[in-house]
Amino acid sequence: FYLQGSPEAAEEAEQGPEPSAGGAVRRGKRAAPAAAAPQPAKLSRAELYRPPTSEELTQLKETEDLFHSSLLRLQIEELLKEVTLKEKKKKKIDAFLHEINSLLSAIPETPETELTDQAWLSEGVKVPFLQVPFSVKGRFRFVPPAELKVVGSYLLGTCVRPEINVDIAVTMPREIFQDKDNLNQRYHRKRALYLSHIAQHLSKEKLFGSVKFAYMNSNHLKPILLLRPQGKDEKVVTVRLHACPTSDLFKPSRFYPSKNNVRTAWFMEQSTPKEGTTEPPTPHYNNSILCDTVMLSHLHFLSNAATDFPGMKDGVALLKVWLNQRQLSKGLGCFSGFLVSMLVAYLLMKRKIVKMMSGYQVLRSTLQFLATTDLSVTGISLAKDADPSLPVLDDFHQAFEVVFVDPSGLVNLCADMTASKYHQVQLEAKRSMEILDDRMVDGFQVLLMTPKPIGAEAACSKTSELFSCNWGDLLDETCSSSTPISQQLLLQKPHLSLCLMFLIFPQWPIDADPPKHKDVGPLTFGLLFVPEFAASTLEKGPQADHPEALEFRTFWGEKSELRRFQDGSICEAVVWEASTACQKRLIPEQIIRHLLKLHADIPESSICYTGALLESVIRTGKEAGGTGEEAMVSVVCSYDDLSRKLWNLKELPLMVTAVQGVHPALRYTDVFPPIPMKPIYSFHKRSKHFLLPSEEKPCPAYITPLKIICHMEGSGQWPQDKGAIKRIKAAFHLQLAELLRQQHQLVCRPAVTHTDVYKDGYVFRLQVAYHREPLILKEVVTPEGMLKYQDTEESRLLELETLHLPYLTSSLHGLQQQHPVFGSTSRLAKRWISAQLLSDSISEECVDLLVAFLFLHPAPFTPPSSPQVGFLRFLNLLATFDWKNNPLIVNLNTGLTGEQAVGRRNKFVASRSRLPVMFLATPKDQWSSMWTQERPSAQILQRLVLLASESLRALEEQLMDPLSDQDVKMVFRPPLDFYDVLIHLNPSQIPRLLESVDRPVKSVSRGVVKNSSAMNILFPVVDYDPVQLYLQELRNAFDDLALFFYDKHGGEVIAVLWKPLSFQPQPFKVSSMRGKKVTTLNNELVCIPNVEAILEDFEILGEGLVKSVEARTEKWTI
């Protein structure tokens, strides 16, 4: 019985439920401090300045060549310390293993019985094997193990925390086997009975906290026994018992991939085999038996590879962390830790890596090999001597999809893996190599510390267990890319890729029946697609007279039809019905439903597509059609036309040099884009040229003014006085209105600071800008009469409005052209922030930049391909980004180099205390974070982080279990019990009521009709929202006492939070009695807030708008 410290070390059957290493790093307990702090060593001058040794020079050179910085090297060393097993734990595990050893040797024998006679087992233990069909020949008796050996990662030293698995190979004695035990599951049933008898005896021992069964890597042919210690050490280790035969029990030639070991007549329960039928090969069955016979030889093989190679231990540990974070290391056909250890040994054998390499070099070399080698096309083998009697790689390729042959030349280590699963691993490896070579990305954080759940990466689809078909067949049919359905889907749509959630069977108690295939529940798979191709409504096939046309028709069924194209060709084609961008994003759902119905006979009611469940919250209007993308395109077209008209205006004293839109709709990120409106005159009061709201009627619909900056050319005629410039601009506003009316018949309404233009049913707000005005506003005359320039509040706001905002809008407009779902993602994010009543606490531009970051720096993911995935990543970014210690660098238009980004990070650390709590850096704004300077505050950011992490957790649960009745809008409904006072509003006076998350069933008329062709009309009511005006009054009057929160998109409640400091008694002063009352405390007159009067003021200020004020008196005390 070999324990830690033995010369043999290996990596076998490594994988179990190992949570992400990130969790280990966060949850790992710190080591106890030493008794005395170590004192710094005093070095002599000669030692301080001695030249570096050759080892130090090698290390420095390696850091320079391989790591982007010495920081990455230190991070990796620290991670390895965190995930490797501590010496103290090893001692506990060794003691536990010794006790298991003595218990296993003492289990009594049993008399020999027929395999089907299992009455000798106690009722408290069930056989962990699906015995179908039950009748089988053969006899069984239990004899204590011939040998016990620890195998696997524990000896190799590559266990990664937090869950440590120790594997023990329990060698079953030769005398319990008979001839032909290789046939018809006899070996597998004896193995299961052997483990059952062990479980029966060990379950009575007080040493164990739990004794359970599990399937090894979810393979139902491979049950194992899990033992955990009693008490507080239960989570320290899981010991896994693998029953295996002696290595020479069976003739290897019986298990070649082309041989049959499960007879059809037995399996189909026929009395006699049909004449003339040939038995099909059973390669997976054969491989499962061979795996057990070579466990100990794999032990020696990996032990030899790891000798004098410390880098292998570190490299394998890093690779396991990498696999765990991507959820690739668990389940049926996973890329287990054992497999990755064998791959490293293969690369060592082929001299792709050498024993001098460090762990990081091993990681890079292995990822490079995975990224460039397709084992589903060209398999690899660890067998050195080519024995002519052994099967060759081509034999393995015929039987298995992915081929990696072990040193014996008999076992395919990737037997359970499908080609699509391997391609998923390959895709991840390719991305990881790109990340490691990108200096803009923190490779360590992204590669090894960031979890990649399937829901954050792909649009998900589920097939439920409601249909009746063989589960294993379905799995092959839908997931294996060697079967026609998936292979052809990937051929027909090369921009689609499948990523399957590996099947994981749970552990089960020893007194329960083993889980059956149907117990797995729904099958979940993710779809990764390139949005511009996946959303195409036409799938063009081969020409009608080509031989491939028949194959195309067979694959697509009745959906395929002949069409003539503009080039004259007549081709097979499939057309999907979709008119809006929202419907086009759901074309993959139509494809999945159609193909699974056609080829697997799965009804549509059994398929649940979760790729677009959240989009209803940004739907415009009552019709279920689109989510506003088309409305935004219409706004941009109207704006472009107005821009041309402004550039070509005649009779202006100065030319218009640039027209720049700054409204969110012009960068596709307005939550609810404006809709063309024409006012109903009878609903309003009439003035000479424009309309006013009527007191008797509900509040008119909210019409948003679309702000546009008009830059006028420079001239010596512009005055140098800021007051005079404002008057000149007012004159330009009047002239623009007059010329647009005369030359283009547009209805205009000029004002001092802007001109409103009604065009195509939209209202554009033109604002004239002069490029030198911000500079003139910065002029300050000192008491000595000197003129100097310094930033003022006025100059900063003007620069923001006329320079930075137009640049941001044009940059994000460009980003939308590259990533069509950027706008919808940003709109979902803003809708969520507004729903949490925090839209006034964080600027729209800040949210747009946060979402832009997800598309410009998506590592370790690909850029989001649907708004829902983008929104989940937005919540994840808010919840997990280290705002305190890092700037968020959004590299718009790739304006920053890697060196500049590093410099920005270093400068940020040096001046952190003076910077905003949320720091966003862009190429044009590297040092000031202008969009977050004033908001959010530290408290609001803390609240946002908390809400984001809770919303993400709730949403992931709902999206991964869509068959439950949970409402995904739940995360858009804010918790109101957090607030002190709730002001309920009158719905008829809320102009944006139809934008609320839970829209009213009946809506009132708002005095407008949809119309984009109206020309000569009275000017409608613009930018009138009584709730916002009321909020402004509340903040002006009670800003020192309370904070006010509101959902601007149709919220019916204003939430009030008292400021704790304002409720501390203050000394009585006549000058500061606003909102206060006098009371006596300790015989002294003091002032405290007069809450009753303040609540009354809330109602008085909002007369007609406020329905009621609900004071939650239990929430505040005086």
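Two strands count as paired if DSSP finds at least two bridges between them. In this predicted model, strand β30 (residues 981-985) meets that rule with β33, pairing in the antiparallel sense over 4 bridges. Within that pairing, Leu982 stands opposite Ala1055 in β33.

Now step back to the whole chain. The protein chain has 34 helices and 37 strands. Of its 1118 residues, 55% count as buried. Take the contacts between residues at least 6 apart in sequence: 73% of them join residues at least 24 apart. The structure holds 0 disulfides. Two cysteines can be looked up directly. Cys699 is buried, with a relative accessible area of 1%, and Cys846 is buried at 0%.

Next, turn to an open sheet of 6 strands. Its order is β3-β4-β7-β6-β5-β12, and its pairing is mixed. The edges are β3 (147-151) and β12 (508-509), each of which pairs on one side only. Inside the sheet, β4 (residues 164-171) and β7 (residues 237-244) pair in the parallel sense over 8 bridges.

Helix α5 (residues 87-105) lies across β3, β4, β5 (208-215), β6 (223-229) and β7. It runs at about 35° to β7. Helix α10 (residues 295-306) packs on the sheet too, touching β3, β4 and β7. The direction of α10 makes about 45° with that of β3.

Ala549 lies in helix α21 (residues 548-556). Ala549 is buried, with a relative accessible area of 1%. Leaving aside neighbours within four places in sequence, Ala549 is in contact with Pro542, Gln543, Ala544 and Glu572. Ala573 is 24 residues from Ala549 along the chain, and their C-alpha atoms are separated by 9.7 Å.

Phe732 is the second case. It belongs to helix α25 (residues 722-744). Phe732 is buried, because its relative accessible area is 7% and the cut-off for buried is under 20%. Beyond its neighbours within four places in sequence, Phe732 is in contact with Leu652, Pro653, Leu654, Met712, Trp718 and Val768. Val768 is 36 residues from Phe732 in sequence, yet the C-alpha atoms are 7.2 Å apart.

Two packed helices are described by the angle between their axes and the distance between the axes. Helix α29 (residues 844-856) and helix α30 (residues 867-880) pack at about 105°, with their axes 10 Å apart. Angles of 65 to 115 degrees count as roughly perpendicular, and α29 and α30 are therefore roughly perpendicular to each other. From α29, the contact uses Val847, Leu850, Val851, Phe853 and Leu854. From α30, it uses Gly870, Arg873, Phe874, Leu877 and Leu878. By class, that makes 8 nonpolar, 1 polar and 1 charged residues.

The loop between α29 and α30 holds Pro860. A cis peptide bond joins Ala859 to Pro860, with omega about 10°. Another cis bond runs from Arg935 to Pro936, with omega near 0°. Pro936 sits in the loop between β29 (920-921) and α32 (938-960).

Most residues other than glycine have a negative phi, and most peptide bonds are trans. Asn893 has a positive phi near 55°. Asn893 lies in the loop between β28 (888-889) and α31 (898-910), and at 51% relative accessibility it counts as exposed. Asp1023 has a positive phi of about 55°, although it is not a glycine. Its loop runs between β31 (1008-1010) and α33 (1026-1038). At 38% relative accessibility, Asp1023 counts as partly exposed.

Definitions and conventions. Residues numbered from 1 in each chain as written. Predicted model: local features only at pLDDT ≥ 70, side-chain atom pairs only at ≥ 80, totals over all residues. Heavy atoms only, no water. Helix = DSSP H or I, 4+ residues; strand = E, 2+ residues; numbered from the N terminus. Buried < 20%, exposed > 50% of the residue type's maximum accessible area, 1.4 Å probe, protein only. Contact = heavy atoms within 4.5 Å. Disulfide = S-S within 2.5 Å. Axes fitted to C-alpha atoms, helices over the stretch in contact; angles between N-to-C directions. Parallel < 35°, antiparallel > 145°, perpendicular 65-115°, else oblique. Nonpolar A, V, L, I, M, F, W, Y, C, P; charged D, E, K, R; others polar.
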